[in-house]
Amino acid sequence: MPVVPSYQTRLPQKVIPRCVTVGRFDGRSDTLACAAPAGRIMLLGPGAGAGAKSGGSSSRVLRPEPVAAAGAADVMLLNMGQAVTALAAGRLGEPATSPMQDLLLVGSAGSCLAYDVLNNADAFFRDAPDGVSAIVVGRLGRQSGVGQLALVGGNCSLTGYDRSGNDVFWSVTGDNVSSLSLCDFLGSGGNELLVGSEDYEIRVFQDDEIVQEITETEVVSCLCAIQGPMFAYGLANGTVGVYERSTRLWRIKSKNTPVAVFAFDLDSDGVPELITGWSNGKIDARNCRTGEVVFKDQFPSSVAGIVAADFRKDGTKLLTIVRSFDPVPTHLRATLLETTGVDSASSVHSLMQTRQNLQLELHNYEENAKAQLQQQRQQTRTAAPAAAEKLAGSSGGGGGISGLSGAASDTASAIPANTQVQTSLSVDLAHKPAPCVCLRVATTNSTAIRAVIVFAEGIFDGESHVTHPPASRLGASLDIPLYPSKCASVDLHLKCLVGPRGAAQFHVFETTRSLPRFAVFAPVAPEAAAQPAGFVRFRLQERLQRVAMWINANFLLAQEVDGNGGPLDCRFVIGTDNMELAGELVTALAGYLGLEDLASEAEFPGLADSLKSLVDRISEFEAQRQRLSGDMADSSNLVRGLVVRAEDARLLGDFVNLKKAYKDLRDLNRDLASSYSMRAANQQALSESLKALNQIIQRAGRLRAGRFKTQAVNDCRAAVKASNLGALHKIIRSGSA
């Protein structure tokens with residue numbers, strides 16, 4: 001599919017990756033917004049300068065600065081004064097009652113701003129102690145009466161703001177939010193919130209309830225809704241793939257990092273393609289269901305973002321590629337692409353390439369067969385004289401002929417037709433240097449296993465592992481130690497090289513084995529382990545057989561649990577001092593049994609002390625931050641006075657006072673730099689404490705299911721806002737205030 005540039009322009013500054021968006025800030029025309037270093041935002045389009053031309057700024061944060069880019073259209077620069085970490089655009093509220101123009105949502109390390117470009121004013125400005133790392137605008141699930149929200153992801157937290165800046169939605173995640181997207185995941189006609197985080201998880205929120213969790217192998221750096229329940233994702237290790245609900249359709253991996261994924265219908269067939277922009281400047285378009293590449297191109301610099309915009313004002317949105325920088329110094333290029341139809345020459349070239357690859361593969365097979373036949377003939381000629389001599393000197397010639405046939409077959413690569421490869425999993429607590437999950441690969445006869453290649457996500461570095469014992473230790477079985485780092489179900493894809501001992505060629509057997517979610521745990525005798533002081537307990541009404549099936553499916557047991565018995569109506573207790581593990585067990589059990597609502601009680605040693613320490617530290621850091629901010633504001637006022645005094649002394653020729661003023665400025669500047677370093681360290685410590693507190697709230701929610709989980713999270717947030725430590729501890733223990 002050939003694609004050619006339709007429009008190109010230059011921007012005056014470098015673009016921050018993933019901080020690119022398009023909005024109709026005047027209500028009519030598309031305007032490109034890109035974040036630049038030093039807290040600046042570039043606006044390119046007809047609606048960029050409408051507010052600045054209408055009069056002075058009403059914004060307390062952004063200051064317009066018209067700048068003309070060399071050889072390009074005019075660009076409006078907005079100066080925020082602090083580094084931009086996230087950028088989005090959209091209308092907030094109900095479409096029938098809200099203004100027609102989009103708002104520009106700007107996130108930084110400590111605030112979230114909604115800026116009205118048309119009127120050059122702030123719609124709202126909110127402090128964000130958890131920071132802002134991702135923003136998406138849209139309607140969330142069953143949130144009625146509030147319309148579209150600005151959904152903000154930060155340090156283990158999610159917040160939804162309406163047009164007035166009220167936080168009408170709040171929830172927690174397991175780690176820092178790295179990407180957000182809205183998608184009809186459940187197929188109900190409403191949007192669910194997809195949240196990618198730094199703990200390698202993709203969580204799906206229906207309102208404030210998690211309905212699905214998908215574990216990946218790296219930080220989820222980008223998410224994109226495609227069509228219906230389909231969505232694409234990109235990981236920090238170079239992986240890009242597509243899910244349809246919880247089923248992965250395909251994935252690919254590159255040595256480069258995906259910067260942006262975007263769904264766009266390149267060929268106008270009604271089905272969008274997945275457009276991926278990479279850190280090395282490559283752009284490719286793939287079929288969303290198969291992953292087949294339908295178009296690719298290479299730019300000389302890294303891609304910063306991908307959007308769709310109608311810059312030509314003809315009603316047709318074109319694919320817009322924004323590059324981070326350009327080989328021309330201090331410039332970058334925004335390119336719009338359009339398709340030109342079917343490229344028959346490209347199709348013929350692709351078919352010829354496929355034919356050439358198949359011919360090369362056939363030639364390799366023929367050469368291997370010839371080499372094997374020549375080797376067998378050479379071995380037969382070498383063994384024939386010795387066999388004839390032995391046959392002539394022996395009255396029982398049958399043994400000689402039998403020995404010759406055995407010698408020839410030993411060196412061949414053939415194996416018995418009934419050869420199979422079998423696998424088994426077990427927990428080896430005595431393994432050195434550390435206990436492991438032992439994967440045993442064995443053949444059903446005396447053939448040897450020369451090597452085993454294991455492909456698994458999240459277990460090995462690079463997602464693959466090769467085991468090839470020395471020739472002296474070849475056997476019919478091979479043990480491979482596995483060290484899973486997380487409690488997650490993983491499919492192990494194995495390729496085993498099997499053949500006779502001493503063979504030069506081997507048969508490849510492919511098999512798949514599923515590693516249970518809690519495979520790292522092994523049953524021990526009650527007297528061999530100390531009784532944990534922590535626990536979570538809940539009432540369970542379920543058939544005993546289903547509970548036994550869950551245990552057998554999620555743990556590695558030497559003997560399966562017998563599920564014979566009638567209905568189970570009892571108090572189910574999970575004993576562990578690890579709150580995170582308890583939450584994972586409860587979540588897995590509730591999901592397997594299909595429990596929509598589950599209330600529980602919990603107790604964990606040291607939790608009250610940890611909460612008190614965290615709350616005290618957060619209060620101390622917040623007080624210190626306010627004090628440092630006040631001191632820096634006072635110092636800034638002194639700087640202004642000293643600059644005026646120095647300028648007066650210069651005009652009057654009073655060089656003594658001029659020197660003194662500049663000396664005071666130097667000392668004051670040193671104090672400001674020191675205060676800034678202290679404030680940055682304070683902010684980092686505050687963020688880490690808030691993250692730890694949010695993680696405790698998230699784990700407390702995972703001890704329940706359904707509405708009890710939602711209630712626990714909301715009550716915990718209310719207790720934190722009220723600084724009610726006793727209520728917070730009670731909620732975590734019982735699930736409600």
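Before the first stop, a quick definition: two strands count as paired if DSSP finds at least two bridges between them. Keep in mind, too, that this is a predicted model.

**Stop one: a strand pair.** Select residues 436-443, strand S31, together with S34; the two run antiparallel and six bridges join them. Look for Arg440, which stands opposite Asp479 in S34. Now show the side chains of S34, residues 477-482. Which of them are buried? Leu478, Ile480 and Leu482, which point to one face.

**Stop two: a four-stranded sheet.** Next, find the open sheet with the order S23-S24-S25-S26, where the pairing is antiparallel. Its edge strands are S23 (258-264) and S26 (293-298), each pairing on one side only. From one strand to the next, the twist averages 15°. Zoom in on S24 (residues 273-278) and S25 (residues 282-287), joined by five bridges. Pick Gly277 and you'll find its bridge partner, Ile283, in S25.

**Stop three: two helices.** Select H5 (residues 579-593) and H7 (residues 655-702), which pack at about 35° with axes 8 Å apart. Their crossing is left-handed. On the H5 side, the residues in contact include Met579 and Val586, and on the H7 side Ile696 and Ala700. By class, this contact has four nonpolar, two polar and four charged residues.

**Last stop: an annotated stretch.** Select 707-733, which an unreviewed UniProt entry annotates as "BBS2 C-terminal helix bundle". Here the chain is 89% helix and 0% strand, with its end C-alpha atoms 16 Å apart.

Definitions and conventions
Residues are numbered from 1 along each chain as its sequence is written. This is a predicted model: local features need pLDDT of at least 70, side-chain atom pairs count only at pLDDT 80 or more; totals for chains, interfaces and linings use all residues. Side-chain values use heavy atoms; hydrogens and water are left out. UniProt positions are given in the numbering used here, feature names are shortened, and annotations may be inferred rather than shown by experiment. Axes are lines fitted to C-alpha atoms, for helices over the stretch in contact, and angles run from 0 to 180 degrees between N-to-C directions. A crossing is left-handed if the near helix is turned anticlockwise from the far one by less than a right angle, and right-handed if clockwise. Contact means heavy atoms within 4.5 Å. Ala, Val, Leu, Ile, Met, Phe, Trp, Tyr, Cys and Pro count as nonpolar, Asp, Glu, Lys and Arg as charged, and the others, Gly among them, as polar. Buried means under 20% relative accessible area, exposed over 50%, partly exposed in between (1.4 Å probe, protein chains only).
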